[in-house]
Amino acid sequence: MTLAAATATVGAADPHGFLSPTGVEIAFLLVGLVTLGAALVTVTTRQLVHAALWLVVALGGLAVEYLLLTAEFIAWVQVLIYVGSVVVLLLFGLMLTRAPIGRSPDADSGNRWAALAVAVAAAVALVWVVVDAFRTTWIDLDGPAAGTTEVTGASLFRHWVLPFEALSVLLLAALVGAIVLSRKAKADAAGAVPGKEGAR
């Protein structure tokens, strides 16, 4: 087999490349840029409500990325749990604590450069790990969906049972801790009121 024939065989077996992106890959890149921009605005704005709303855009962009990767179950979990629950809880927390709606000068801790250095180092490490792990892996976006509930459930409960149960115990411990702290705060508030009235 000549070199030209071998090259033609490799090209036929692997038709996709970085220089010939498909429409899905271009959409993935554009949505990724929008998501990155929303994430940057989230951590740089001084208005808490705006930060929460831009967080919705960033998490929604991640859900679209999962859809483009044919992982529709993970995409809907992203929408239901993060966009539908975590951000709503954050907004309710801002409203119930009467947080300032406008600009908040105290929203900046003064450690921007340290936070930027840590963020860049984490991003570089994450990109390096992902590229090194999936260097030769290609997802067939035109084939059957690889992220359905059946495939995800089989992978989760066959290979990741122990981390899944450990996470459940961690969430249960966090829930119990939140209940204990809230009851303790109520008891302290109830004990402080009669003493304040007696002082008067």
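## Basis and confidence

Residues are numbered from 1 along each chain as its sequence is written, and side-chain values use heavy atoms, with hydrogens and water left out. Because the model is predicted, local features need pLDDT of at least 70 and side-chain atom pairs count only at pLDDT 80 or more, while totals for chains, interfaces and linings use all residues.

The mean pLDDT (the predictor's confidence in each residue, from 0 to 100) is 76 for the protein, with 70% of its residues reaching 70 or more. Among the helices (DSSP runs of H or I, at least four residues, numbered from the N terminus), confidence is lowest in H1, residues 3-13, at a mean of 44, and highest in H2, at 90. Over residues 1-13 pLDDT stays under 50, and the model has one contact there beyond four places in sequence, a contact being heavy atoms within 4.5 Å. Where pLDDT is low, the predicted coordinates should not be read in detail.

## Annotated segments

An unreviewed UniProt entry annotates residues 23-41, 48-67, 73-92, 113-131 and 160-181 as "transmembrane region", and such annotations may be inferred rather than shown by experiment. Residues 23-41 are 100% helix and 0% strand, with end C-alpha atoms 27 Å apart.

## H2 against H3

The axes of H2 (residues 23-44) and H3 (residues 48-68) come within 8 Å and cross at roughly 160 degrees, which makes H2 roughly antiparallel to H3, a term for angles over 145 degrees. Their contact includes Phe28 and Val31 of H2 and Trp54 and Leu55 of H3; by class it has 15 nonpolar, four polar and one charged residues.

## H3 against H4

H3 also packs with H4 (residues 72-96), at an angle of about 175 degrees and with the axes 8 Å apart, and H3 and H4 are therefore roughly antiparallel to each other. Among the residues that meet are Leu59 and Tyr66 in H3 and Tyr82 and Leu90 in H4, and the residues of this contact divide into 19 nonpolar, two polar and one charged.

Key
Axes are lines fitted to C-alpha atoms, for helices over the stretch in contact, and angles run from 0 to 180 degrees between N-to-C directions. Helices (H or I, at least four residues) and strands (E, at least two) are DSSP runs, numbered from the N terminus. Angles under 35 degrees count as roughly parallel, over 145 as roughly antiparallel, 65 to 115 as roughly perpendicular and the rest as oblique. Ala, Val, Leu, Ile, Met, Phe, Trp, Tyr, Cys and Pro count as nonpolar, Asp, Glu, Lys and Arg as charged, and the others, Gly among them, as polar.
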